[in-house]
Amino acid sequence: MTHLAPSDYDAIRLSIQVAIAATLLSLPFGFTVAYLITFVKFRGKVLLEVIVNLPLTLPPVVIGYFLLILLGKKSWLGSLLNDTGIRLIFTLKAAVIASAVVGFPLLVRSIRICMEGIDPQLINASRTLGARWHDTLLTVILPLSLPGLVAGSSLLFARSLGEFGATIIVAGNIPGVTQTIPMAIYEYASSPTSEMMALSLCLVSVSISLVVLFFHEVMAKKMVRKG
Amino acid sequence: MQLSLTAQKRFVAFNISANFAVSGERIGIFGASGSGKSSLVSMVVGLLKPDSGEIILDGEYLFSSSKGINLRPEQRRIAMVFQQHCLFPHLNVKRNLLYGYTRCPVQYRTVDFATLVCVLKLDGLLSRNITHLSGGEKQRVALGRAIMANPRLLLMDEPLSALDDSLRFQIIPYLKSVSEQFGIPYLFISHSIVEMRLMTDTVLFFENGTLIEQTSSEQLARNRMGDTPVGYINLLELTGMTKRDGMCAYHWKDNELLLSSGNQDSINGLFELSSKDIILFKKHPEAISARNLLKCTVVGLFDSGSKLGVELQIGDGKLISEIVAAAARELEIVPGSVIYAAIKASAFRRLSN
C-alpha cells in the first residue's frame with residue numbers, strides 16, 4: 001500500500017464511485033426487465049432476452065464503440081443531450097453508463113433466477129386478498145426478489161470495478177476524472193519502472209473484489225436456503 | 001349465497017363446459033384429480049378467464065363475455081385457501097393474517113382479529129416466522145388470512161390434501177366453525193367423499209370438466225358406494241372409552257362398541273367404518289369371532305352400482321352396510337326387517353380425537 005500515488009487514491013475513489021453509481025442506476029431497470037421476462041407474456045420476449053444478454057457475449061470494446069456512436073454528438077440521442085447541455089462522452093457519467101451496460105445481464109440474471117423461484121400461487125393469493133398488481137409487485141414480488149437484487153447488485157458492482165474495454169472508449173483515461181483502477185494499472189503496466197505501483201493497485205483491486213464476492217456468496221447461499 | 005356459472009374454457013388436453021346455479025352456505029365441488037375443479041374455482045375467483053359465459057354471484061356479474069365484464073380478482077371479494085398454504089414467507093403470522101384485512105374496504109371489515117385468533121388458536125404464534133410452523137398451523141393461518149380479508153365467499157381448494165390424515169381431521173372443525181362463526185359461505189373443493197360429507201350440504205360432481213350431477217353430499221356418498229373400493233364410509237362419534245379385556249369399549253349413541261386396542265386409545269374420537277366391514281345375519285348367530293354383534297332394524301334400501309345399500313337403525317344410531325342383491329334375497333331383507341350386524345373390532349379407523 002505504501003506504493004500508492006495520490007492519483008491512485010483518485011482511481012480507487014473513482015472506481016468505487018462508478019461501481020456504486022452503475023449499480024444504483026441499473027437496479028430499477030434490472031428489476032423491471034427481470035419482472036417483464038419472468039411474469040409478463042408479450043410478443044418479442046425472446047428478443048428482449050437476447051438484447052439483455054448480448055453484453056455477455058460481446059467484447060467490451062464493441063459495447064464501448066456502440067455507446068460512443070449512440071451518445072456521440074453525431075447521433076440523434078447525443079445531439080439531443082448536447083442541446084439540453086448534457087455532455088456524456090469522456091466524463092465519469094460515460095464510465096458509469098459503460099459499466100452499467102456491461103454488468104446489466106449479470107444483474108438481470110440474478111433477479112430473474114430469484115423471481116422464477118417465487119411460487120405463482122403466492123401472487124394469486126395476494127390478488128385474491130385484495131392486492132392490485134402494483135401492490136402485489138411491491139409487497140410480494142419485490143421482497144421475495146431481494147436476495148436476487150442483492151446478489152445481482154454485488155455481481156454488477158464487482159464487474160464494474162473491473163470494467164476496462166467499454167470505459168476506455170467512451171470515458172477515456174483521464175487521471176482524476178475518468179481514470180479507474182483498471183486504467184491506472186494499464187498505465188503503470190505500460191511503464192517499465194512502475195511495476196510495484198501496478199502490483200499495489202492490483203492488490204487493492206483484488207481486496208475490494210474479494211469483499212464484494214464474499215458478500216455475493218453469502219447472499220447466494222441465503223437464496224438457496226430460501227428456495 | 002347464490003352462484004350461477006355458465007362457462008366454457010378450452011385447454012390443450014381437455015375442455016371445461018360448466019353450467020349450474022347453486023345456492024347455500026356450504027357448497028362442495030367434487031371430482032377426481034384432473035376433473036377441472038381447480039380450473040373452475042380459478043374462474044370464480046378471477047385467476048382464470050373463461051373463453052365465454054357468465055359468472056354471477058349474489059346478483060352481481062363477476063364475468064360476462066356478452067356484457068364485456070371481467071372483474072379483477074381483487075375486485076371480487078372472494079378469498080381463497082389454497083392446497084399448499086401459500087403463506088407469504090417474508091411476513092410473520094400476524095402480518096400474514098392482516099394482509100387481506102388492510103386491503104379490505106373499511107365498510108366490509110366485520111371480522112374481529114382477536115376473535116379469529118382465539119377461534120383458530122393462533123395466540124402463541126402471531127410473532128412467529130412462517131417457516132417455524134407445522135403443516136396444520138400453516139393451514140390454520142392460511143384459513144385465518146382468508147377470513148380476515150372479509151370475503152363474501154370463501155373458496156377452499158383442497159385445503160386438506162397436503163396434510164396427513166390425522167391433521168386433516170383436526171383442521172376440519174376449524175374450517176367449519178370459522179365459516180359458521182363469521183357467517184361466510186364457502187365453496188369447498190375436494191376429491192374425498194368423507195371431506196364432502198363433513199364440510200358441505202350440496203355437492204356439484206364434476207368429471208372431465210363437465211357437471212355430472214348436483215346433489216347432497218350424503219346422496220353422493222350413497223350413489224358412489226358401489227363404485228369405490230372402500231364402499232360407503234360410516235362416520236361415528238365415539239365417546240367415553242374404557243379398557244376391557246385388552247380392548248377399547250366406546251359409547252356410540254345408546255350402543256356400545258368394542259374396538260381393537262392400539263393407536264385408538266383415547267377417550268373420544270371420530271371413527272370411520274366401511275360399509276364393507278358390516279356383515280348381516282338374518283338370525284342371531286351362535287358364535288362368531290367379530291366382537292360387535294348389534295341387533296338392528298332395516299330402515300331403507302338403495303341401489304348403488306352393482307351393490308345394494310342397507311340402511312340400519314341401531315338404537316339411536318344409523319349405519320349403512322352393503323351387500324349384493326342375491327344376499328338381500330336370501331336374507332329376505334326389506335324395510336322393517338329385524339336383523340343382526342356383525343362388525344370386527346379392528347374394522348374401525350380413527351380419523352381424529
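**A helix end and beyond**

Modeller: Just after α4 of chain A, A:G85 takes a positive phi of about 85 degrees. Helices here are DSSP runs of H or I with at least four residues, strands are runs of E with at least two, and both are numbered from the N terminus. Keep in mind that this is a predicted model: local features need pLDDT of at least 70, side-chain atom pairs count only at 80 or more, and totals for chains, interfaces and linings use all residues. Residues are numbered from 1 along each chain as its sequence is written, while chains are lettered from A and ligands numbered from 1 in the order in which they are written.

Over in chain B, five strands make an open antiparallel sheet, ordered β16-β20-β17-β18-β19; strands pair if DSSP finds at least two bridges between them. β16 (278-281) and β19 (317-323) of chain B sit at the edges with a single partner strand each, so one side of each has no neighbour in the sheet. β19(B) pairs with β18(B), residues 307-314, over seven antiparallel bridges. In β19(B), B:G317 is the bridge partner of B:I314.

As for the two chains, 18 residues of chain B are in contact with 14 of chain A, contact being C-beta atoms, placed from the backbone, within 7 Å. On chain B's side, α2 (73-76), β7 (78-81) and α3 (93-103) each give two or more residues.
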